[in-house]
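Visitor: I have a structure open and would like to go through it in short steps. Can we start?

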Amino acid sequence: MSSYTALPWDELILADRVHGSLYTDPAVYESELERIWYRTWVYVGHVSEVPEPNDYVLKSIGPQPVIMSRDKQGQIHLLLNRCAHRANLVCDAERGNSSAFRCPYHGWTYSNAGKLLGYPFSSGYAGTELKQHLGLARVPRVDDVHGFVFASFAQEGPTLREHLGEALEVFDRLVRLSPEGEVELTAGWLKHQVKSNWKMLLENETDGYHPQFVHASIFAVADSGIGDLYGERSAAVSRDLGGGHTENDLRPEFRRRAQPLGWFGTTAERLPDYVERMRSVHGDAAEQILIDGSPHVMVFPNLFIAEIQLFVIQPVAVDETVQHVTAIQLKGAPDINRRMLQQTIGSVGPAGFLLADDSEMYERNQRGVGALAPEWLLLRRGMHRERCDENGLVVGDATDEVPQRAIWRHYRSLMQGEVPV
Amino acid sequence: MTTSGLDVDVDVDLVHEVEQFLYREARLADEGSFQEWESLWTDDAVYWVPYGGDDVDPERQMSIIYDNRARIATRIKQLQTGKRHAQEPRSRLRRIVANVELLTTEGDDIVAGANFVVYESRERGVTQWAGRSEYRLRRTEHGLRLVAKKVTLVNNDRPLPTLAFLV
């Protein structure tokens, strides 16, 4: 059953502005579920969240409840949390270890690969063998990049690597910060609820214009150095990575400062074990890796790599979104991990020094966009100074709205069905 | 004065003193008396609001708040800038602290527990917060002071709205 509505997307999304109804219209939201959340590749979870055979964790794809499990052979499965009999949830523990899920309603039992194992009083089915035909529904396509598991509800379409395109390299940049080349998401997820459309969050993640205003209070009282990255004199750039993926590339500014671990607000002397391990693994290249730091990239539509933490954007209604956030942990680097966790706790979540204020803006935006006029949201900042970088990607100054225009261009193509998705 | 109604001795004077301290701490937080609220904490204080259950390890797991004394100071300074948007305007707050219980005493420290309900009013509407607080109090030359406060919200395993006031 299709919930897609052929809205006049060309009239709602212009090169330099978008219409306010895109954040408030339930028909837009229903169309997004079909064209984006139930079709393109969406980030779901990380393999380190189910490290052992038979581990499982509850996840989501937009409003869809998904079980991410690891079977006893070690393979990852994404199963919809819905009994094949009469649709009860088969799993309600947030995480656990089990080879099977048993529906509490009538006792139907499934393996952690989704296979129907048994159902009580089988004579009631007059000898029909249900096991071969029924099971938990599987998300049709599952793939991962460096342990980051993505899924698509479309049976066919671009591969995950095609979907990521220029954003694929971002994961290399992230995991090489670990002396063992692996990220682990073991710190658990804070869930922060906002009464706002999900695209308010998507657009804000790579908005380099807001930090000096939204985060003025914490910049004034803590010696963070983040504010200057997003000033008029910053060498950082905003970038369209294609496919709706966007970046605030802070490396030009960090390279100008040439301070190893400056991106993390510290020095090599204060994390000697980590720096030593990085030098032993990477040799002379370690210096540049430690200067360049971690990416600030929004992977369309829901994974935000925010240097030391990850956010996952989950729409649950046209005007309600849950942001899931955890600290990035680098395998083999306990000293920097402790600090990354504590900095993350300070910054994000319902009481975070940064995210409480971002979230206030999301909710204010949502209330504001309900006002009848002037109808449009302007996204023209820096259009006159867009340029191509050495890889042919469109970039702008740190505070320009290159990322927001890139997101909407891709969004329009998905909603119009111009590109195979 | 000590009475022994149950199978433990309860120092009712101490209970009264602790209750009065907890009520004052609650009122200062409700009314945004930031400097006075901050002065209640000792130099080695920890202010902790866990997420995801009652017994998570804040050194390994995400928390809503896990402030050492320096970070408590930063939190207060941020609130005082007038640009902490999540508290501009400040939430209107009133909380009830109840079921106050002395749990243990350890040297100069007193460990007490209490339940609470907070009504928070902002433009987004009224949010009701509820949970249990555990306090470690120390008797100092200035009277009782807070060494640690752990605030366990009953719904700390679910998505939570912004919580930028002093809970």
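Visitor: How many helices and strands does chain B have?
Guide: In this predicted model, chain B has three helices and eight strands.

Visitor: In what order do the elements of chain B run from the N terminus on?
Guide: The order is β-β-α-α-β-β-α-β-β-β-β.

Visitor: What radius of gyration does chain B have, and what would a compact globule have?
Guide: Chain B has 16 Å. A compact globule with 167 residues would have a value near 15 Å, so the two agree.

Visitor: And what box do the C-alpha atoms of chain B fill?
Guide: Along the principal axes, the box is roughly 50 × 35 × 30 Å.

Visitor: What percentage of chain B counts as buried?
Guide: Of its 167 residues, 34% count as buried.

Visitor: What about contacts in chain B between residues at least 6 apart in sequence: how many join residues at least 24 apart?
Guide: Among those contacts, 50% do.

Visitor: Now chain A. At what angle do the axes of α5 and α12 cross?
Guide: Helix α5 (residues 198-205) and helix α12 (residues 355-369) of chain A have axes that cross at roughly 130 degrees and come within 10 Å. That angle is why α5(A) counts as oblique to α12(A).

Visitor: Is that crossing left-handed or right-handed?
Guide: The crossing of α5(A) and α12(A) is right-handed.

Visitor: Which residues meet there?
Guide: From α5(A) there are A:M200, A:L201 and A:N204; they meet A:D358, A:Y362, A:N365 and A:Q366 in α12(A). By class, this contact of α5(A) with α12(A) has three nonpolar, three polar and one charged residues.

Technical notes
Residues are numbered from 1 along each chain as its sequence is written. Chains are lettered from A and ligands numbered from 1 in the order in which they are written. This is a predicted model: local features need pLDDT of at least 70, side-chain atom pairs count only at pLDDT 80 or more; totals for chains, interfaces and linings use all residues. Axes are lines fitted to C-alpha atoms, for helices over the stretch in contact, and angles run from 0 to 180 degrees between N-to-C directions. Helices (H or I, at least four residues) and strands (E, at least two) are DSSP runs, numbered from the N terminus. Angles under 35 degrees count as roughly parallel, over 145 as roughly antiparallel, 65 to 115 as roughly perpendicular and the rest as oblique. A crossing is left-handed if the near helix is turned anticlockwise from the far one by less than a right angle, and right-handed if clockwise. Two residues are in contact if their C-beta atoms, placed from the backbone, lie within 7 Å. Ala, Val, Leu, Ile, Met, Phe, Trp, Tyr, Cys and Pro count as nonpolar, Asp, Glu, Lys and Arg as charged, and the others, Gly among them, as polar. The radius of gyration is taken over C-alpha atoms; the globule rule is 2.2 Å times the number of residues to the power 0.38. A residue is buried if 20 or more other C-beta atoms lie within 10 Å of its own, exposed if 12 or fewer, and partly exposed in between; C-beta atoms are placed from the backbone.
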